[in-house]
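These are my notebook entries on one structure. I went through the sheets, the helices packed on them, and the rings.

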Amino acid sequence: MTILCVRFQLPSTDEAALPGLLGLLEEFTPVVEALPPDGALVDLRGAERYFGRSAVELASVIRVRALALHGVDCVIGAGPGPMSARMALRGARPGVTCAVPEDGVREFLAGKPVVALPGVGAATARTLCEYGLDTLGRVAAAPLSTLQRLVGAKAGRELHDKANGVDRGRVVPNAVSSSLATERPFGRDELDPARHRRALLSAAGELGARLRAVEKVCRTLTLTVRYADRSSTTRSRTLGEPTAHSPALTRTAYGLYEALGLQRARVRAIVLRAEALGPAGQASHQLTFDPVDEKVRRIEEVADRVRAKFGPGAVKPGTLAA
C-alpha cells in the first residue's frame, strides 16, 4: 500500500483551507495531487523508505497533524494504486484508515457494485446490469470479448483491467490554483430538483464572471453533489471548446446533474469547479449566427463592466446565464 486518498472534513467547502492542508501532505512527499475542493492523492513510495514507516502508519501521523495544526479531521483510504485508494476511501471513517493490501485488490473489488468503479457512469452500469454483470467480481470473470461488445473495445479493455485490480493510474502533482470553484450550500437537506437547478444556475453564473474577470477560460467542468449522509458524487465533463461563457457553463452543469439520475436525493451542497484553466486570449471561439447568443455575450460584457465599477454584488450571479 503506497497511495493514500485523503479527504479533509472541512466545516464547509472552504477552498481557502486546502492549500495549507496540501502543504502538510508535502512535508511527507512532493508527489501530491490535489482533488479539490477537499481532497488529495498522495504517493508515499519514497516516504515509506525515508521514514521507515508503512503508508497506514504515515496516514495516522497525517491525521494527527491535520487535527493539531489545522483543527481538521480527515478520512483516508490506502491502496497499491490511485483507483484502489479512492475506492478504499469510501469504507474509511475518522480515526480508521481503510487499507487494501497489494495482493487483495481483486478480492476487495469483487463484491462491489459495478457503478462503484471510477469511470463507470450510469449508462454503462445499466448496460452491464442488463446482462447480469452487476458486480465487479462478475465483470472480472466475464470474457474480455464480451465486455468489448457491450461497451466498446477501449472501454471494455479498461473495464476488464480495473475489475481485475489492474491499476495503471499514477499520482500527478498539480496546483490547486489551476482551477476555480464555487459552492451552493442549502439551509436544510434539499430534495427539490428545481432548487438544485437554481443553485447550479447561480454557481455557473458566478464561475463565468470570475473567469472573465481574470481573463481565463476553462476546458473542464466538475460537479460535486454532497448528500445528507456526508457522502458525495463527483462527475466531470470536457467542454466542446474552452469558455468562460455563463450559458455554456450552465448547460454543461445541467447535463452533469441530469446524468446523475438522482431520485429524491437529500442534497446538502452543490460544488461547481472550472478546471484546466487557460488564457482567454489564446482560446478559439466557434462563430455562431444565433442572434440570441450574441446578445447574451454583449449583455455579459456590460454586466462585467458594472461589476468592475461597483463591485461583485452589483449583478446577481446567475441572472444572465439562463
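How many bridges join S7 to S9, and in which sense do the two strands run? I looked this up and found eleven bridges, with S7 and S9 running antiparallel. I note here that the model is predicted.

**Entry: the four-stranded sheet**

I then traced the sheet that holds this pair. It is an open sheet of four strands in the order S6-S9-S7-S8, and the pairing is antiparallel. At the edges I find strand S6 (180-190) and strand S8 (232-243), each of which pairs on one side only. Direction ignored, neighbouring strands of this sheet are turned by 15° against each other on average.

I went through the other pairings. Strand S7 (residues 216-227) is joined to S8 by eight bridges, and the two run antiparallel. Cysteine 218 has threonine 243 in S8 as its bridge partner. S6 and S9 pair over seven bridges, in the antiparallel sense.

I also looked up valine 271 in S9. Glutamate 183 stands opposite valine 271, and threonine 224 stands opposite valine 271 as well.

**Entry: helices on that sheet**

Which strands does helix H10 touch? I find that helix H10 (residues 193-213) packs on the sheet and touches S6, S7, S8 and strand S9 (267-279). The direction of H10 makes about 160° with that of S6. Helix H11 (residues 246-260) packs on the sheet too, touching S7, S8 and S9. For H11 I note an angle of about 145° with the direction of S8.

**Entry: the five-stranded sheet**

I turned to the other sheet order. Five strands form an open sheet, S2-S3-S1-S4-S5, with mixed pairing. S2 and strand S5 (98-99) stand at the edges with a single partner strand each, so one side of each has no neighbour in the sheet.

Strand S1 (residues 3-8) pairs with strand S4 (residues 74-79) over six bridges in the antiparallel sense. Within this pair, cysteine 5 stands opposite glycine 77 in S4. Helix H3 (residues 55-70) lies across S1, S4 and S5 and runs at about 20° to S1. Helix H4 (residues 82-89) packs on the sheet, where it touches S1, S2, S3, S4 and S5. The direction of H4 makes about 140° with that of S4.

**Entry: S2 and its hairpin**

S2 and strand S3 (residues 39-43) run antiparallel and are joined by four bridges. A hairpin through three residues joins S2 to S3. The bridge partner of glutamate 33 is leucine 41 in S3.

Are the side chains of S2 buried or exposed? Val32 and Ala34 point one way, Glu33 and Leu35 point the other way, and all are buried. I set this beside the general rule: in a regular strand, side chains alternate between the two faces of the sheet.

**Entry: aromatic pairs**

I searched the whole structure for aromatic pairs and found two. Phenylalanine 28 and phenylalanine 51 form a tilted pair, at 5.8 Å centre to centre with 50° between the planes. Phenylalanine 28 lies in the loop between helix H1 (18-26) and strand S2 (32-35), and phenylalanine 51 in helix H2 (residues 45-51), so the pair ties together parts 23 residues apart in sequence.

The other pair is tyrosine 50 with phenylalanine 51, edge-to-face, at 5.0 Å centre to centre and 85° between the planes. I conclude that Phe28, Tyr50 and Phe51 form one aromatic cluster.

I then looked up the accessibility of each ring residue. Phenylalanine 28 is buried at 8% relative accessible area, because the cut-off for buried is under 20%. Phenylalanine 51 is partly exposed at 36%. Tyrosine 50, at 70%, is exposed.

**Entry: charges over rings**

I found lysine 112 with its charged end over the ring of phenylalanine 108, 4.6 Å from the ring centre. Arginine 197 lies over the face of tyrosine 254, with 3.8 Å to the ring centre.

**Entry: totals**

Of its 322 residues, 47% count as buried. Among contacts with a separation of 6 or more, 67% come from residues 24 or more positions apart. The protein exposes about 16500 Å², of which carbon and sulfur atoms supply 52%.

Key
Residues numbered from 1 in each chain as written. Predicted model: local features only at pLDDT ≥ 70, side-chain atom pairs only at ≥ 80, totals over all residues. Heavy atoms only, no water. Phe/Tyr/Trp six-rings, centres within 6.5 Å; stacked < 30°, edge-to-face > 60°. Buried < 20%, exposed > 50% of the residue type's maximum accessible area, 1.4 Å probe, protein only. Lys NZ or Arg CZ within 6 Å of the ring centre and 35° of its normal. Pairing = 2+ DSSP bridges. Axes fitted to C-alpha atoms, helices over the stretch in contact; angles between N-to-C directions. Contact = heavy atoms within 4.5 Å. Areas by Shrake-Rupley, 256 points an atom, 1.4 Å probe, with all protein chains shown as cover.
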